[in-house]
Amino acid sequence: MKWCGEAVGRGSPAYFARVARLRRALLLLAAAACTAAALLYWRQQSDDRATRPLHSLYTGVEPEWTWVCRNERCERLPAAETSSLQSLPTCNMLCASTQLWPQPTGPVSLATAAVPVRASAFTLHIVTSPSGHVSDHLEDAFSLFLEDLKALEKNTISDKRSDIGPAHEVLVRISVNGSSDVRMLIDTDESYKLSLRPKRNTLVADITAHSFCGARHGLETLSQLIWLDPYAGSLLALEAATVEDAPRFRYRGLLLDTARNYFPVGEIVRTIDAMAACKLNTFHWHISDSQSFPLRLNSAPQLAQHGAYGPGAVYTTEEVRAIVRRARLRGIRVLIEVDAPAHVGRAWSWGPQAGLGQLAYCVEVEPWSAYCGEPPCGQLNPRNPHVYELLERIYAEIIQLTGVDDIFHLGGDEVSERCWSQYFNDTDPMDLWLDFTQRAMHVLERANGGKAPEMTLLWSSRLTRSPYLERLDTKKFGIQVWGASRWPESRAVLDAGFRSVISHVDVWYLDCGFGSWRDSSDGHCGPYRSWQQIYEHRPWVDESVGGMGQVGDGWRVEGGEACQWSEQLAAGGLDARVWPRTAALAERLWSDRAEGAAADVYLRLDTQRARLMARGVRAAPLWPRWCTHNPHACL
Amino acid sequence: MVIVVIGSVNLLKFLFHEILQVRMDWHWTLIVVLVQLAQGNGGNGVDPTPDLYEPSWVYKCEPEEGCHRSERTKPTAANSSFMVFDSLDVCRTVCGHFGGLWPRPVTAVLSTQTVKMHPNFLRFTLLDAPVETSEILVEMTHVITANLLAECNGNVTEMVATPVIVNIAVKSPSLELTWDTDEQYLLDVENTVDNIVVHISAETVYGARHALESFTQLIAPEFSNQYQCGLRIVTGAKIRDRPVYKHRGLVLDTSRNFIPMVDIKRTIDGMAATKMNVFHWHVTDSQSFPLESRRVPQFTKYGAYSANEIYSTEEVRESIRYAQIRGIRVVIEIDSPAHAGNGWQWGKEYGFGDLAVCVNARPWRHLCIEPPCGQLNPANPAMYRVLRDLYRDIAELVPKPALFHVGGDEVYLGCWNSSEEIVSYMKNKGFDTDIEGFIRLWAEFHAKALQIWDEETMAVGGQQQHVLIWSSELTQPNRIENYLDKNRYVIEVWEPLSSPLLIQLLRMGYKTISIPKDIWYLDHGFWGKTKYSNWRRMYEHVLPRDPNVLGGEVAMWSEYVDAQALDTRVWPRAAAVGERLWSDPRGGGGGFAGAEPRLQRLRARLRARGLRPDAVSPEWCAQHDARCY
């Protein structure tokens, strides 16, 4: 260990030292020659403008920067000015900050020395595993881990400038002692311990966890201790590390709306990969709305037939399964939401021709502004038993496709009382809505083998306010609170004992701030929320700005979720809208550190953005590249 | 059960027959879902009749509204109207007064009929064009052909042998692209018995290019499935067109973050699609200096982010040509005397003294608007010598007559005031060291820089031209006439809408380019208290109609954008400004309702050409024109 530390470490600059000494001598010579020449040249031209090009003196001189760690900060210098050549990523990894994202919640100790590694020289050894199923998943997750490393390795620019010696083998040993269920469940223990240490010419990484998901998080953290050194043209890994880690909140989500605009499967898979890189664990798939219904269910294919935008804008069950499979290996549950009873549209218009009566009312009715919040309108018919039969089949197929049976999302927001009043003037529409919700819950239980999911989410709405809230069962329902953070509803729901997932519209809605897409409104929600604002929102803390006020006893905040609604977003623009802002939320929910967007957070998030790009995610930059090159200088 | 199966087989046959008859939309997969058949659902259960569970629509062109999605009905003689289309793109191309044209031409008469065509049978004839123009015209037609192929993802599978003959007539032999270039054109499409004949007539090659662009916009793709695609062209058209403003630009900042050349070219493609004509390249700033200078390689050595983040002289030359073929002039801006730092910090090392001051100074807050700081050192004659070398490189690079942008914004007097060298230089010159004294120093810099630019321009055989400069303290009405000659400078006014400066400068007789930052800055809405302008807000803004308003620009500053986010920030919003500057539609038909369907078509076109424009609405709205009010 000592030997390694000396040879490699303090580390990887030492690797470059010999080369650098030679380089230095050469550069000094060159610089001296240049200066002399320049002086001569300058004298010649002393009073007149330079007509002889400087160029002839300095051709072939390319920019080359080196970074040195001084006072726990990486400083950029021209390579010629120092004796060692160190790349920015290597300096960042070895200088002060952990560069981990999200920051672990337990003790962390990291070596300040690095060794070269190769993606092809990693091996997996499963030490203990509660089931073959878990072992299989560990192997597949390990393959994904290696794919990520290979993708990183591929970014190597060919001009290898330093020789850093032979790559170390890496042995990854995983022990899972606990659940034999590989799914991300509401009570899954996501904690893990990671230790990395050198053993002769091998690095040994030990990951212990109580679930497959925990072990996967350990692999994710391990991958963050490995980086590409562009000057060495090689992957480097810290030579030693220990990390103990567990999330602060157990529901850490991102919502994607694929109904307002359709997103191809590839974009969804990439989003899931990016979520995994940040240890988010819930992909909330708002798959249908009044605008479209792209999910082609075997149990109700008419919905997509009538509701999809077109033949190219459909998710087949095979595609959904592939997404679910990918997500599972990434430690993510796929929570499909078929919103009801409002936010439905032409997908439900085929009832009469199939002899089922009206499944929905107000579908695409005009003027729409009288019956819904945005065009087109549509609401299920709460008195038609066929609606519930269909819902039961939809719910059953969703549970079967996703394998998620402990959490479900019924939708349930923005019901137009006026739409229903036109057809049911004998009943208070709020009672209809409540009745609908109870019946939907009932068929959900039947669809789930007679058992209510542990938490069935509803969007906050008039129904989740008094006097209706009291009529909902706190044991069954959870509330996804999307009102503004200062609205009383967040408190009210929690005070009443409901589990809640927080998605405050004024902070965690990623679609806000892009103006209105219609003539007749003066703007969608706004303004745009920066990653810093997203990061600093801690509604569960007393003193927090924009918080919910005094924290109540027994509040059950399950976690939070960023919402990417897609009225003004389509394939191609997704990544830059969602990332890196959602990474900021991921750390808030995983680590929930008391400090806000401090300097360290900028630097680590900047590194995380580079990781996301290496995975093919088009994340937006945090700032000018100069600020990346000069950490702390822009703060 | 047997009966059911037989029944469904019959149905299958029928439906298959229908597929063959009716052209289906793209991504058609011949999967018939018969899942529910076997499932015992009980008497009152949902028992869907066997059906093709594939979404499939037609689009109807409704007069005064646009294209609307509707159910595909069984084809009968009664409902087979020519205003019903399988392809939304084809519907848009013929529906409405201006079809799928963006920007809107001055006048257009379009047929509602279309016929199939294939790029292999597209022939361009330079009917009446000076020999000097033929090379560039040929290159322009190659772009057009490539764009048409792109509409079908590069493969037009529907073969039709109908010849499409495009006759191009150009009067002027000049290839100059300036504010005086005549960009108007006439475009006629006629359908004869066995071919389509297109007549293009323009004063200049650039007018002809715009005509060719409009010609491609009379053509739309029609996918019958994922792999089968054909093109349809409007059978008749008469278009008369000319721009309202002669300067229609986009600023791209490649200094805060580097933008690879491939992304710049794609941005130029987008500009060409909207007939914008100035690519204003804010290539350097205090953060980085990615532009190679043959004479002063230190600029990139000390200023580029890395060896891979440099625009070589060859690449710049090629991009200028690339833009020219697309009717776009590249205007290079070397921002000065402020916004210059990295790339200029090597003077001392080479015995030239400080070429710039405050470079990367910390703390930065009193020395510049954003880190890192840096301002050229006007007290150092060596700085002017280096600047001259840089200007010479640029003068050699850009086509004549050269249009250059000297920057000239956001000078922090406090930075200069912090330099003893500069303060003592001012004292020797007899300048006061108050605000007006520093303003004089600033103006002196621009005077010297202009003189150098003129000399270098003329040394490479050019003539004195206007240069562009940003509005600033120096261009305030009480100062500008003392310092900036209205016959030499065109002022690019970026003050917010509420500022009277634009009107004041016009009254004083200055030529201007308008770029109101609170409307036409594409980076706003992502930082500080700035507000995002969506395409509607950008489109709504109108410029004064004054001969001294040469036009406008839309600006993509890159603090929070690099190649990853570029397209979605720029498009389709920049296109809204493109139409404002080309057509400047006012009154009836100029509103969003008239523009949005055409913009949706433009967005599809940009996607086909490889750009990643943002969505402007849910797709439902794109499928139901005028329903999302």
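What share of the 635 residues of chain A count as buried? I looked that up before anything else. The figure is 64%, with buried set at under 20% relative accessible area (1.4 Å probe, protein chains only).

I noted the ground rules. This is a predicted model, where local features need pLDDT of at least 70 and side-chain atom pairs count only at pLDDT 80 or more, while totals for chains, interfaces and linings use all residues. Residues are numbered from 1 along each chain as written, chains are lettered from A in written order, and side-chain values use heavy atoms without hydrogens or water.

**Chain A.** I counted 19 helices and 20 strands, taken as DSSP runs (H or I, at least four residues; E, at least two). I then checked contacts, meaning heavy atoms within 4.5 Å. Of those with a separation of 6 or more, 73% join residues 24 or more positions apart.

**Interface with chain B.** I found 83 residues of chain A in contact with 87 of chain B. The buried area is about 7500 Å², the accessible area (1.4 Å probe) that the two parts lose on being put together, summed over both. Carbon and sulfur atoms give 54% of that area.

I looked up salt bridges (Lys or Arg side-chain nitrogen within 4 Å of an Asp or Glu carboxyl oxygen). Chains A and B share five. In one salt bridge, A:Arg577 meets B:Asp614 at 2.9 Å, N to O. Elements of chain A that give two or more residues to this side include helix H2 (12-44), helix H10 (385-402) and helix H16 (574-578). By class, I logged 43 nonpolar, 21 polar and 19 charged residues on the side of chain A that touches chain B.

Conventions: Buried < 20%, exposed > 50% of the residue type's maximum accessible area, 1.4 Å probe, protein only. Nonpolar A, V, L, I, M, F, W, Y, C, P; charged D, E, K, R; others polar.
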